[in-house]
Amino acid sequence: MNVTAIILAAVVVGGTGLIIAILLGIASEKFKVPVDEKEVAIRAELPGNNCGGCGYAGCDGLAAAISAGEAPVNACPVGGAPVADKISAIMGVEAGEFVKKTAFVKCAGTCEKAGDKFRYSGLETCIDAANVPGGGPKGCEYGCIGYGSCADVCPEDAISIINGVAYVDQEACIACGKCVDICPKGLIELVPYDKKCRVQCSSKDFGKAVMSVCSAGCIGCRACEKACRLGAITVENNIAKIDYDKCVGCGLCASKCPKGIITGKREQPKKKEA
């Protein structure tokens with residue numbers, strides 16, 4: 001055995017390893033990506049749902065955006081006010097008012113109230129059904145198709161199909177907006193959780209045409225608009241629309257709606273017994 005050769009080989013290997021280690025150390029310092037401590041701290045406070053409800057791809061994207069000042073500290077719909085307060089402390093700014101939101105389906109056309117114009121036999125997804133001539137089997141071309149594409153994408157199982165229409169469990173909803181994005185009819189919107197007056201219709205047809213396909217549709221009569229003293233509800237394109245910044249939830253619009261498709265009806269005071 002040649003001891004000298006062994007020693008020489010060990011020295012060469014060790015020297016090579018040392019040189020590589022030095023070069024890697026230099027490279028790591030030269031190409032090191034600076035760590036944003038605020039971004040790391042913000043990410044630690046976010047819930048990690050990665051739902052996209054904030055408008056970013058996930059919690060990592062939102063943390064980076066908040067740290068860079070490109071997104072507000074209260075942008076996370078899942079974390080709500082508690083998370084917003086923690087992030088505002090990290091950023092050294094005021095959290096501002098957090099408005100909790102929930103998804104709402106603008107359709108009351110159940111199986112009994114809205115008829116079908118033909119029998120559909122294709123793939124039972126809202127997207128596939130909406131692509132057939134006529135925009136789906138339901139008589140009202142604006143109405144909920146009811147095959148549950150929104151329920152399929154909901155990460156919290158907050159949406160159910162009941163009697164042909166999608167319904168949202170407001171307590172389970174995290175306002176991620178996935179149902180809003182997937183609905184081919186554009187029936188779902190995110191509304192303030194504490195504003196209970198909402199219009200359960202999306203039809204833009206005139207009253208007679210609406211009633212011919214759905215007994216629960218908005219007929220654009222403007223009774224709600226006339227009843228609101230704050231200008232919070234107006235009729236545009238034959239459909240009532242609520243301005244939630246003005247709405248105080250008095251329920252007058254709901255009480256005056258002849259079709260009963262505005263939620264949040266105010267209870268009338270009971271007469272005192274003599």
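Residues are numbered from 1 along each chain as its sequence is written. In this predicted model, local features need pLDDT of at least 70 and side-chain atom pairs count only at pLDDT 80 or more, while totals for chains, interfaces and linings use all residues; side-chain values use heavy atoms, with hydrogens and water left out.

Cysteines come up first. Searching the whole structure turns up 0 disulfides (a disulfide being a pair of cysteine sulfur atoms within 2.5 Å). C176 is in none, and its nearest cysteine sulfur, in C51, sits 5.2 Å away. C176 counts as buried because its relative accessibility is 10% (buried means under 20% relative accessible area, exposed over 50%, partly exposed in between, with a 1.4 Å probe and protein chains only). For C183, the closest cysteine sulfur is that of C150, at 6.7 Å, so the two are too far apart for a bond.

V105 belongs to strand 1 (residues 101-105), strands being DSSP runs of E, at least two residues, numbered from the N terminus. Beyond its neighbours within four places in sequence, V105 touches A166, V168, L187 and I188, where contact means heavy atoms within 4.5 Å.

Technical notes. Helix = DSSP H or I, 4+ residues; strand = E, 2+ residues; numbered from the N terminus.
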